[in-house]
Amino acid sequence: MLPARDRALVDPAPADREPARPPSRVPPLVWAVVATLVVSPTLLGDLFSSVALENWATVFLSLTLQALPFLVLGVIVSAVISAFVPAEWLARALPDRPAVAVPVAGLAGAVLPGCECSSVPVAGRLVDKGAPPAAALAFLLAAPAINPVVMVSTVVAFPGRPEVAAARFAASLLAAVVVGVVWSRLASASWLERRPSDHAGHSHGRAFVDTAMSDLLQAGGFLVLGAALVATMHTVVPRSAFDAFAGEAAASIVVLAVLAVVLSICSEADAFVAAGLTQFSMTSRLVFLVVGPMVDLKLIALHVGTFGGRFALRFEPLVVAVAVVSGTVVGTVVL
Amino acid sequence: MSPTRLRRADAAALLAGLAGLTLWLSLTDAFYRYLRPTMRPWLVAAGVFVAGLALATAVTAWRESRRDGAVSARPSVAGWLLVVPLVIALSTDPGALGAFAVRQQAGGYVPVGDFDLDAHLRSHTWGGQVPSLQLHQFLAAAKDDDEQRLLADTTVRLTGFVVHDRGADGGPDPDGGFTLARLMIGCCAGDASGLLVAVRGHDGPRPDEEAWVEVTGRFDPALTAAQPQDAIAGSVPVLAVSSLRHVDEPREPYEYPS
């Protein structure tokens, strides 16, 4: 058993109330492997002399590095909430009725000036602090698509066509709110892994460090997993594989939704790629811009890490379906 | 099931490794292989924060070990995956994206924005020097009906790397043609798009694939129209080359949308 004062900083989720296990035996093994690879670089260096593997390594490292500042921003916000916002304060601050709380939380996403990697730890912390899950999820989905930085880059990528950014804002917020409302009606509380934080007996500073440390390691590990997957897709699947469907309206919507999930491009940069997809219809490109910041391979990895696999299994299909419909409807009306 | 947890000391070491990787790749020129320059201060700031977090975690771990032996902290073993980028970067130190990435996109999606060639030439031509254009600027002008003509009348300088053309059967091109290429990134190398200009009329031996060259020449509308249409990007514009020289890979290997 841990001494009482240390149990407070250990995950107090119900499943973890059992006595702590002895520390895992993994560490020495991992450090040994790392040391070997670093000391004799030729071991991996030879393997990566193939142009395909070198391409993989460059994309993998660039995806990891690119996400890091945004992940750190999200982790800092999450840790501040954990250490300084009193428990249950959020639940009281948000309106009781989901019909009001969900749109409010979705709109609140506009204040987090980052991409999708920032909003995952923040949404996770909001749930842990007692915010209604539906509201936190609306925030999770809306924040990366409707914040000012992303809006500006969308306007820049489509010169002379500000309606694209407007349509993106509307379709993303709509999809986020619909998913939130559906979730509040249908979802079971047990689908979400919760890790309520309990910093009783610790200073704010200690609570901040503990939360930031564990959030960053948890999300960072899953980010690496996601980046490796995405880099593999980039290296193995040529983009032209999707072009055969460009001529057909319905098929191109499905294809660009799939492309958004597979490419996992950061929401700050995806508008530039969408601008280049000129062989596809405007509506299907809007679907690309709505789906991408909500669900992609990198995000699925982060969602699994933050909310658990049972959550992701139900959440991702729901979001993709709602985002595709929302993008198609708004695109047909506006563009 | 209780997830296996990290010891606090290991957590501190992992964070220190992540901070080291981030600061190394953000403070050296290696940075430009991965991200666009405007991201640099944010990456440095992230590296400094992670370093501070590693230090604070190490201090906590040390205090705990003096009090009552090793104590497990909260993060799961997923954190161990953070050694992967460190190992890859240290052992392979990969170069910037090149011909493989260009081919992978088979013509690439080329975002062509607004570009005023006339204004650019007036501000970049002095002392009889041949004005240089970035590849995305050349492509924008070549695809614009109004500016095509001015472009065809102006000798320009382009810098990029060499991608050997392929014949109709996918094998080596019997004519030994090559294309000048550059990759454009919006944020990181993960969203790169290929920029391509076909080079024609080069007399000397064909440069090696991936070699960085500076070519001088003029846009050729007739040859461009005669080019086989690329299924994706339409026709690749042709530069009728008058001179070619090898150059070093630039510090910033990619182009960026304005």
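This is a predicted model: local features need pLDDT of at least 70, side-chain atom pairs count only at pLDDT 80 or more; totals for chains, interfaces and linings use all residues.
**Notebook: a look through chains B and A**

I started at B:Glu210, which is partly exposed, with 17 other C-beta atoms within 10 Å.

Where is B:Glu210? I found it in the loop between β5 and β6 of chain B. Next I looked up its backbone angle. Phi of B:Glu210 is near 75°, a positive value in a residue other than glycine. I noted that because most residues other than glycine have a negative phi.

I then turned to another positive phi. B:Asp93 has a phi near 40°, and this residue is not glycine either. Its place is the loop of chain B between α3 (83-92) and α4 (99-104). Is B:Asp93 buried, exposed or partly exposed? It counts as partly exposed, because it has 16 C-beta neighbours inside 10 Å.

**The barrel**

I followed the strands of chain B next. Five of them close into a barrel, in the order β3-β4-β5-β7-β6, with mixed pairing. From one strand to the next, the twist averages 55°.

I checked two pairs. Strand β6 (residues 212-219) of chain B runs antiparallel to strand β7 (residues 238-246) of chain B, and seven bridges join them. In this pair, B:Val215 stands opposite B:Leu244 of β7(B). B:Glu214 has B:Arg245 in β7(B) as its bridge partner.

How many bridges join β3(B) to β6(B)? I found six, and these strands run antiparallel. B:Val156 has its bridge partner in β6(B), namely B:Gly217.

A helix came next. Helix α6 (residues 135-143) of chain B lies across β3 (156-164), β4 (178-184), β5 (193-200) and β6 of that chain. It runs at about 75° to β5(B).

**Two domains**

I looked up the domain assignment of chain B. It gives domain 1 (5-95) and domain 2 (101-246). What kinds of residue make up the side of domain 1 of chain B that touches domain 2 of chain B? I count two nonpolar, two charged and no polar. Four residues of domain 1 of chain B are in contact with four residues of domain 2 of chain B.

**Chain A**

Last, I turned to chain A. Its secondary structure comes to 16 helices and zero strands. Of its 335 residues, 55% count as buried. I also looked at its contacts between residues at least 6 apart in sequence. Of these, 84% join residues at least 24 apart.

Key:
Residues are numbered from 1 along each chain as its sequence is written. Chains are lettered from A and ligands numbered from 1 in the order in which they are written. Two strands pair if DSSP finds at least two bridges between them. Helices (H or I, at least four residues) and strands (E, at least two) are DSSP runs, numbered from the N terminus. Axes are lines fitted to C-alpha atoms, for helices over the stretch in contact, and angles run from 0 to 180 degrees between N-to-C directions. Two residues are in contact if their C-beta atoms, placed from the backbone, lie within 7 Å. Domain bounds come from an automatic or database domain assignment. Ala, Val, Leu, Ile, Met, Phe, Trp, Tyr, Cys and Pro count as nonpolar, Asp, Glu, Lys and Arg as charged, and the others, Gly among them, as polar. A residue is buried if 20 or more other C-beta atoms lie within 10 Å of its own, exposed if 12 or fewer, and partly exposed in between; C-beta atoms are placed from the backbone.
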